[in-house]
Amino acid sequence: MRFQLFLGNEIEPHLESLGRLRLKVFREYPYLYEGALETEVEHLKCYSRDASGMLLALFDDADRLVGAATGLPALAPWEDASLLVFDPQREGKTFYWGEFILEKPFRGKKWGQEMYRRGEETIFRTLGFENIGIYMIRTSEADAKRPADYLDVKEFVKRRGYRLLPDAQVVWDWAPVGETRKVPHTLDAWLKRAGEF
């Protein structure tokens, strides 16, 4: 197992494998998202277009991508306007963490914690950002689709110093697995400041 950091256009050769990983992980609860690889690769190009775009990759012993943390400055011009919820005048210079994904067999074995630590170190110390912003899908314990063994990652990010931003949500639409009609999903914004690293 090894970690490797890619910045800006160094990310481009890895977009297809990143898209496959994203589709595999986001098909699980709570996202239940079913997409197409071509669409994923096009979306992920935003990370390679910015000099501060980041891919922190985790490869297994067969050199297969099994984990990834991605991101870019929250005000990158080609990103979704919803990222403006991380207001630089209010919050300061913020880096948006777009994906934090890990294949199921590698969860609960400290790889996720180490990926967070390395990613935060890069964002705060190497890239010089004041904050990290993330979106997390809103879930409910009453959700009939919620697996019995589901571990809510919100508790994990709380322990790492992220705080929920009040009244800062976005609604993104996508079609759940097995369906064609897009439905709205609410995601809450969370923020971590450099001083809490």
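Predicted model: local features only at pLDDT ≥ 70, side-chain atom pairs only at ≥ 80, totals over all residues.
Reader: What is the value of phi at Asp-63?

Author: Phi of Asp-63 is near 65 degrees, which is a positive value in a residue other than glycine.

Reader: How is the exposure of Asp-63 to be read?

Author: Buried means under 20% relative accessible area and exposed means over 50%, with partly exposed in between. Asp-63 has a relative accessible area of 45%, so it is partly exposed.

Reader: Which other residue has a positive phi near 55 degrees?

Author: Asp-167, again a residue other than glycine, has phi near 55 degrees. Asp-167 belongs to strand 6, residues 163-174. Its relative accessibility is 73%, and therefore Asp-167 counts as exposed.

Reader: Back to the loop between strand 2 and strand 3. Where does Asp-60 lie, and is Asp-60 buried or exposed?

Author: Asp-60 is in the loop that runs between strand 2 (54-59) and strand 3 (65-73). Asp-60 counts as buried because its relative accessibility is 13%.

Reader: Which backbone nitrogens does the side chain of Asp-60 reach?

Author: For a polar contact, look for a pair of N or O atoms within 3.5 Å. A polar atom of the Asp-60 side chain lies 2.9 Å from the backbone nitrogen of Ala-62. The side chain of Asp-60 reaches the backbone nitrogen of Arg-64 at 2.8 Å.

Reader: What is Asp-60 in contact with, leaving aside its neighbours within four places in sequence?

Author: With those neighbours set aside, Asp-60 is in contact with Met-1, Val-66 and Phe-106.

Reader: Now the helices. At what angle do helix 1 and helix 2 pack?

Author: Helix 1 covers residues 15-26 and helix 2 covers residues 37-48; they pack at an angle of about 120 degrees, and their axes are 9 Å apart. Roughly perpendicular covers 65 to 115 degrees and roughly antiparallel starts over 145. Helix 1 and helix 2 are therefore oblique to each other. The crossing of helix 1 past helix 2 is right-handed.

Reader: Which residues of helix 1 and helix 2 meet?

Author: From helix 1 come Leu-15, Glu-16, Leu-18, Gly-19, Arg-20, Arg-22 and Leu-23, and they meet Leu-37, Glu-40, Val-41, His-43, Leu-44, Lys-45 and Ser-48 of helix 2. The residues of this contact divide into six nonpolar, three polar and five charged.

Reader: Where is Pro-30, and is the peptide bond from Tyr-29 to Pro-30 cis or trans?

Author: Pro-30 is found in the loop between helix 1 and helix 2. The bond from Tyr-29 to Pro-30 is cis, with omega near 10 degrees.

Reader: Next, helix 4. Is Glu-120 buried or exposed?

Author: Glu-120 is placed in helix 4, residues 111-126. Its relative accessibility is 0%, so Glu-120 counts as buried.

Reader: With which side chain does the side chain of Glu-120 make a polar contact?

Author: The side chains of Glu-120 and Arg-160 are joined by a polar contact of 2.9 Å. For distance along the chain against distance in space, take Glu-120 and Phe-100: they are 20 residues apart in sequence, and their C-alpha atoms are 12 Å apart.

Reader: How exposed is Glu-121?

Author: Glu-121 is in helix 4. With a relative accessible area of 29%, Glu-121 is partly exposed. Between Glu-121 and Ala-194 there are 73 residues of separation in sequence and 9.4 Å in space, C-alpha to C-alpha.

Reader: What separates Leu-75 from Phe-95?

Author: Leu-75 and Phe-95 are 20 residues apart along the chain, with 8.5 Å between their C-alpha atoms. Leu-75 lies in the loop between strand 3 and helix 3 (88-91). Leu-75 counts as partly exposed, because its relative accessibility is 45%.

Reader: One more. Where does Leu-5 lie, and what is Leu-5 in contact with beyond its neighbours within four places in sequence?

Author: Leu-5 is part of strand 1, residues 2-7. Those neighbours aside, Leu-5 is in contact with Glu-10, Met-54, Leu-55, Leu-56 and Thr-122. Leu-5 is partly exposed, given its relative accessible area of 34%. The C-alpha atoms of Leu-5 and Cys-46 are separated by 17 Å, and the two residues are 41 apart along the chain.

How values were computed:
Residues numbered from 1 in each chain as written. Heavy atoms only, no water. Axes fitted to C-alpha atoms, helices over the stretch in contact; angles between N-to-C directions. Helix = DSSP H or I, 4+ residues; strand = E, 2+ residues; numbered from the N terminus. Parallel < 35°, antiparallel > 145°, perpendicular 65-115°, else oblique. Left-handed = near helix turned anticlockwise from the far one by under 90°. Contact = heavy atoms within 4.5 Å. Nonpolar A, V, L, I, M, F, W, Y, C, P; charged D, E, K, R; others polar. Buried < 20%, exposed > 50% of the residue type's maximum accessible area, 1.4 Å probe, protein only. Polar contact = N/O pair within 3.5 Å; in protein donor to acceptor, adjacent residues only side chain to side chain.
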